[in-house]
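Hello,

Here is the structure I promised to hand over. Please open it first, then read my notes beside it.

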Amino acid sequence: FLFCSRLFQTCKGGRFTGVFALVLREFSAPANALQDYTKDHGIETQFGKRIDDVHMLFRHCTKLHSAKCLHARLIVSQAIQNVCVSAKLVNLYCYLGSLALARHAFDSIQNKDVYAWNAMVSGYVRLGSSSEAIKCFSLFMMTSGLQPDYRTFPSVLKACRSLLDGMKIHCSALKYGFVWDVFVAASLVHLYCRYGPVANARRLFDEMPVRDMGSWNAMISGYCQSGNAEEALALSKELKVMDAVTIVSLLAACTEAGDFVRGVLIHLYSIKHGLDSELFVSNKLIDMYAESGNLKGCQKVFDEMVVRDLITWNSMIKAYEVNEQPVKALRLFEEMQFNRIQPDCLTLISLASTLAQLGDVRGGRSVQGFTLRKGWILEDVTVGNTVVDMYAKLGLVDSARAVFDYLPSKDVISWNTIISGYAQNGFAAEAIEMYNEMEEGGEMTPNQGTWVSVLPACSQSGALRQGVKIHGRLLKNGLCSDVFIGTSLADMYGKCGRLEDALSLFYQIPRVSSVPWNTLIACHGLHGHGEKAMKLFREMLDEGVKPDHITFVTLLSACSHSGLVTEGRWLFETMQRDYNIAPSLKHYGCMVDLFGRAGQLETAFSFIKAMPVRPDASIWGALLGACRVHGHVDLGKVASEHLFEVEPEHVGYHVLLSNMYASAGKWEGVDEIRGKGLRKTPGWSSMEVNNKVEVFYTGNQTHPMHEEIYKELTLLHEKMKMIGYVPDHRFVLQDVEDDEKEHILMSHSERLAIAFALVTTPPKTRIQIFKNLRVCSDCHSVTKFISRITEREIVVRDSNRFHHFKDGVCSCGDYW
């Protein structure tokens, strides 16, 4: 640049034209256009003559090197000495993104006027240098001797990053009499909405003598940005006319407030006044309809758009992804590629969630590869978190952990994602371990998402002590009243056997939605308290809380575990008749389980055949499980045939059928199924002793205290036989001698855990055990005998429910 400048200064007449043409040929088409214009019009050195022609040259400068050429020509022609021209050059450099050249041009101006100072301040603001904009304004006020005008304040107010800075500028605006200028007042409203109480902004707005559309938009968008959507909608009722900016702000407010009827009315207004054709209005309409679940509305807006940008496609893909229609979301992504629209980070975030919903592992790995190739996974932590979440939802927790470890920087969402990923896939111990690692690091402060992720892990593993520790921290920070955290705590206590504590927490949190009610109903069902679950349901209705589909799933499950067949039938009818909730496969599955547990196997089979939707694996699996318990081999075989048509590769259902054959003594059926090479999920039981979780596997002899454990079991076995215990060999799934069957039964995981607790804990201490599979009938009978002999209360939570054993009686009434 300096070389060109000096070279032009040494050239005169034709030599100048030749050098100018030579340099311009090295630049772009806009620069060549500049050359042509110079040739036709020339640049007069006398100020006031043809300065308007100089301004025309700025239109051709669309790139930085052409702007440098113009700058050099202005220096040679001395037109640079015109303040208006120099200020326009400052603006040009800022527009092209070069603050250094803009400041150089600004500093070269001899007699700066207000326009020049405004140009430099607004340039700093436009390029994100807020602190420099404030410094430049301060320099202007202290050294120039000039007075600011109405253009000065809006720019510098945008640069303010604190309420204090804004109040100083507000004082200056008051001093110079510009506070009621509509542009200045609108900027002040924006400032107070961002950094101060919204009430201050509203007071300023109400005092404005004149309000233009910008002032209204500033106040409405200010309410939206500060989370006061209801206030924004209330204010808009005073408006007689709206523009596109108003409509976008109000649509955002409707989305936040959940007032979708108002959103439709605003849509109608935009159609009537021809504003729906604005691209950003259409994009916001898609977002609003997506949030309301109205995918037809989204699609209609999308189809009627003449112009679509990347935001449009992202909004549509997200709309289908959020509303759990992954096939259509994927089809839209493919259509987007066909239209040669390049995806960005937001596209990949929605696509990753879509592929997780589809269970598309191969597609998920392709997404990770694409983000790595683009470098997004390293540059944007949100993208990395999305990939971790995608792998977790696909069940690939090892891949999720590998990506998590690879992330160069992690935020609290990264930790929440991996913790919830472990918990959702049944790796409760690993989830708690990650939470402890996060705490030990000390760099991250847990938030609501952290607690809501780790507390379910405590529920799964029965880590009551860890849960109580977290509860103490939440009490200290005053977070227990949060509905999501409070509900998670209640769920943790309920699933760890402390139902009284769960109820106490339940009555301390807001209960205006169905979420906390569903949690307590589920906990009561897990403990076999079907009657209490129904009482909670009636209390929920009395408080005016509307039940949802999850409410009825938890209620039907509670009835199933308590044998309340009549109540279950009534709930199934009420759900459809009074609340217009169409039964899902989960509801049908609960009904089949309800009939099956009650021994009404033929009723369950007839119910399945009458279903209006095709039964899935969970339906036939529930019937097969009931046939296994009640020994109905023929119907079990029918159920298994249907089951393996729907899900032929599910190992658990093959094992269930094998166990049913074994219980009936049909060993040829057992051999046929085991010949397929299927591996059963190993049974394990865990318990917390001395701040440590001990895990026992069936037949395990590797525990350091295994000799003491088996010795205790042998003594208990002899005592139980003396008071009437008879081993139930139906639950030995091997064709061996009776004495060997007794030994196999004695090595079940819950018996090992009980014996360990008897050896290591003081007499009459309560024993609590968690088992990953359903307790077999023989172990259930044995635990009743042990509770009687040892005078201990023994609590066992299996995969279905809680069993409270005391004085030889179980709380389930032998119904589970």
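**What I found**

The protein has 46 helices and six strands. Please keep in mind that this is a predicted model. Of the 816 residues in the protein, 50% are buried. Take the contacts with a sequence separation of 6 or more: 61% of them join residues 24 or more positions apart.

**Helix 33 and its partner**

Start with helix 33, which covers residues 514-526. Helix 33 has 13 residues. From first C-alpha to last, helix 33 reaches 18 Å, close to the 18 Å expected at 1.5 Å a residue.

How much of helix 33 is buried? Eleven of its 13 residues are, so helix 33 is mostly covered. Among the buried ones are W517, L520, C523 and H524. S514, G525 and L526 are also on the list of buried residues. What does the covering? The cover includes helix 31 (483-495), helix 32, helix 34 (530-542) and helix 35 (549-562). Strand 4 (794-797) and strand 5 (802-806) are also part of the cover.

Now look at helix 32, residues 499-506. Helix 32 packs against helix 33 at an angle of about 165°. Their axes are 11 Å apart. An angle over 145 degrees counts as roughly antiparallel. Helix 32 and helix 33 are therefore roughly antiparallel to each other. Their crossing is left-handed. On the helix 32 side, the contact is made by L499, A502, L503 and F506. On the helix 33 side, it is made by P516, W517, L520, C523 and H524. By class, this contact has eight nonpolar residues, one polar residue and no charged residues.

Just after helix 33 comes G528, with a positive phi of about 80°.

Next, go to helix 25 (residues 381-393) and helix 26 (residues 397-406). These two pack at an angle of about 165°, with their axes 7 Å apart. Helix 25 and helix 26 are therefore roughly antiparallel to each other. The crossing of helix 25 and helix 26 is left-handed. Which residues of helix 25 and helix 26 meet? Helix 25 brings G384, V387, V388, Y391 and A392. Helix 26 brings V397, S399, A400, V403 and F404. By class, the contact of helix 25 with helix 26 has eight nonpolar residues, two polar ones and no charged ones.

L464 lies in helix 30 (residues 464-476). Is L464 buried or exposed? Its relative accessible area is 17%. Buried means under 20%, so L464 is buried. Leaving out residues up to four places away in sequence, L464 touches M492, Y493, C496, R498 and E688. Also find N691. L464 and N691 are 227 residues apart in sequence, and their C-alpha atoms are 9.8 Å apart in space.

**Two loop residues with positive phi**

E791 is not a glycine, yet it has a positive phi of about 55°. E791 is found in the loop between helix 46 (777-790) and strand 4. At 48% relative accessibility, E791 counts as partly exposed.

D807 is not a glycine either, and its positive phi is about 55°. D807 is in the loop between strand 5 and strand 6 (809-810). Its relative accessibility is 56%, so D807 counts as exposed.

Best wishes

Definitions and conventions. Residues numbered from 1 in each chain as written. Predicted model: local features only at pLDDT ≥ 70, side-chain atom pairs only at ≥ 80, totals over all residues. Heavy atoms only, no water. Axes fitted to C-alpha atoms, helices over the stretch in contact; angles between N-to-C directions. Helix = DSSP H or I, 4+ residues; strand = E, 2+ residues; numbered from the N terminus. Parallel < 35°, antiparallel > 145°, perpendicular 65-115°, else oblique. Left-handed = near helix turned anticlockwise from the far one by under 90°. Contact = heavy atoms within 4.5 Å. Nonpolar A, V, L, I, M, F, W, Y, C, P; charged D, E, K, R; others polar. Expected span 1.5 Å × (residues − 1). Buried < 20%, exposed > 50% of the residue type's maximum accessible area, 1.4 Å probe, protein only.
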